[in-house]
Amino acid sequence: MTPSAPGSRIAGKLGLTDRIFAGPRSRKLLSAVEAGLKRVDGALENELRVADSLADATSRYLYQAGGKRVRPMLALLTAQLGEGTTDEVIEGATALEMTHLGSLYHDDVMDAADKRRGVPSAHAVWGNSVAILTGDLLFSRASQIMARHGDRAIHLQADTFERLVLGQMHETVGPAEGDDPVEFYLQVLSDKTGSLIAAAAQAGVIFSRGPGEFEQPMVVFGEKAGVAFQLLDDVIDLSADPDETGKVPGTDLRAGVPTMPYLVLGQLTDASSAALRARIDDGVALIADGADPAILDEPLSQLREHEATQATLDLAHSWSQQAIDALAPLPDGAVREALTRFAQAVADRSS
């Protein structure tokens with residue numbers, strides 16, 4: 001089993017070819033990014049090899065299942081603000097994608113997810129301990145790559161990893177008494193998703209020796225776009241096509257993992273919203289006691305059509321616009337246009 005071609009994979013998932021890389025200038029940019037993604041995939045193939053046969057199989061498992069390669073794509077895009085696709089950019093993009101892959105092994109254990117990218121999750125195949133250790137191994141390999149490029153790269157990797165861990169920890173423990181659950185959740189998304197996308201956007205500038213004044217705008221852009229991306233995933237989770245996503249609709253909520261539509265639902269005071277929230281809570285509790293997860297099919301269908309889900313869509317578009325606003329210091333040109341369209345496409349994936 002080998003991953004699909006990077007360009008076709010991205011075009012299919014985010015509409016990059018038709019929307020993000022529209023126009024003659026962006027078509028040239030698309031060629032540079034797709035060429036870079038092929039190099040990243042080659043680097044991943046090499047870096048994921050492990051002499052031990054079990055570790056080799058587990059480390060390559062989710063990579064071989066495919067993926068959108070959003071983080072390497074952003075690093076390659078922002079690298080065009082500097083010297084372009086340098087060897088350092090390829091290695092930085094590879095390390096950040098390995099970090100992302102490692103986090104997926106951990107996430108699936110924490111969420112008790114049965115599937116990832118259309119295949120059984122790693123912990124379903126090898127057990128929780130092996131899945132967690134595989135994630136740790138990928139984090140280690142990613143750190144080794146970054147260590148080749150000096151203190152700046154090491155700090156970028158370490159700081160991002162710290163935020164990933166804190167985000168997962170806070171998601172696991174939940175908000176403290178008195179915390180606003182929506183604001184708390186947005187911070188979790190910033191840490192768990194936004195931080196790594198921000199690191200990728202910043203890394204492209206750093207490793208291509210781009211202008212230093214572009215780094216902070218890329219950090220803000222990546223973080224805002226990352227939160228928008230995850231908010232849309234919360235919406236898509238309610239109407240997921242199992243053949244497309246490999247996940248049953250409402251996977252997160254059935255596992256007791258709060259998502260933004262559910263949290264917004266809890267802030268509404270009308271009786272019907274409160275009743276729907278109570279039905280979801282009761283269903284989650286029953287599933288935890290061994291009931292058929294299908295008992296939530298009808299309540300989750302109602303949530304999909306509820307104003308709380310529309311409010312989540314609106315919030316995603318707001319964060320997408322904030323990402324676009326962060327691009328103001330960049331020069332006009334193909335890169336800024338592509339990043340703008342990327343942020344727009346992230347928030348339009350459900351349309």
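In the predicted model, helix α6 passes helix α8 in a left-handed crossing. The axes of these two helices come within 8 Å, and the angle at which they cross is roughly 165°. Since angles over 145 degrees count as roughly antiparallel, α6 is therefore described as roughly antiparallel to α8. The residues that form the contact of α6 with α8 comprise 13 nonpolar, nine polar and three charged.

Helix α6, which spans residues 87–111, also packs against helix α9, which spans residues 150–173. Here the angle is about 15°, and the axes lie 12 Å apart. This angle makes α6 roughly parallel to α9, because angles under 35 degrees fall into that class. The crossing of α6 past α9 is right-handed. On the side of α6, the contact involves Leu96, Thr99, Asp107, Met110 and Asp111; on the side of α9, the residues met are Gln157, Leu164, Gln168, Glu171 and Thr172. Sorted by class, the residues of this contact are three nonpolar, four polar and three charged.

When neighbours within four places in sequence are left aside, Lys192 is in contact with Asp107, Leu164, Gly167, Gln168 and Glu171. Among these, Asp107 belongs to the α6 side of the contact described above, whereas Leu164, Gln168 and Glu171 belong to the α9 side. The side chain of Lys192 makes a polar contact with the side chain of Gln168 at 3.2 Å. A polar contact also joins the side chain of Lys192 to that of Glu171, at 3.0 Å.

A further packing arrangement involves helix α4 (residues 53–64) and helix α8 (residues 128–147), which meet at an angle of about 80° with their axes 10 Å apart. Angles from 65 to 115 degrees count as roughly perpendicular, and α4 and α8 are therefore roughly perpendicular to each other. In this contact, Ala55, Thr58 and Ser59 of α4 meet Val130, Thr134, Leu137 and Leu138 of α8. The contact of α4 with α8 contains four nonpolar and three polar residues, and no charged residues.

The confidence of the prediction was also examined. The protein chain has a mean pLDDT of 88, and 91% of its residues reach 70 or more. Over residues 1–16, however, pLDDT stays under 50. For this stretch, the model has 37 contacts beyond four places in sequence. Where pLDDT is low, predicted coordinates should not be read in detail.

Terms used: Residues numbered from 1 in each chain as written. Heavy atoms only, no water. Axes fitted to C-alpha atoms, helices over the stretch in contact; angles between N-to-C directions. Helix = DSSP H or I, 4+ residues; strand = E, 2+ residues; numbered from the N terminus. Left-handed = near helix turned anticlockwise from the far one by under 90°. Contact = heavy atoms within 4.5 Å. Nonpolar A, V, L, I, M, F, W, Y, C, P; charged D, E, K, R; others polar. Polar contact = N/O pair within 3.5 Å; in protein donor to acceptor, adjacent residues only side chain to side chain. pLDDT = per-residue confidence, 0-100.
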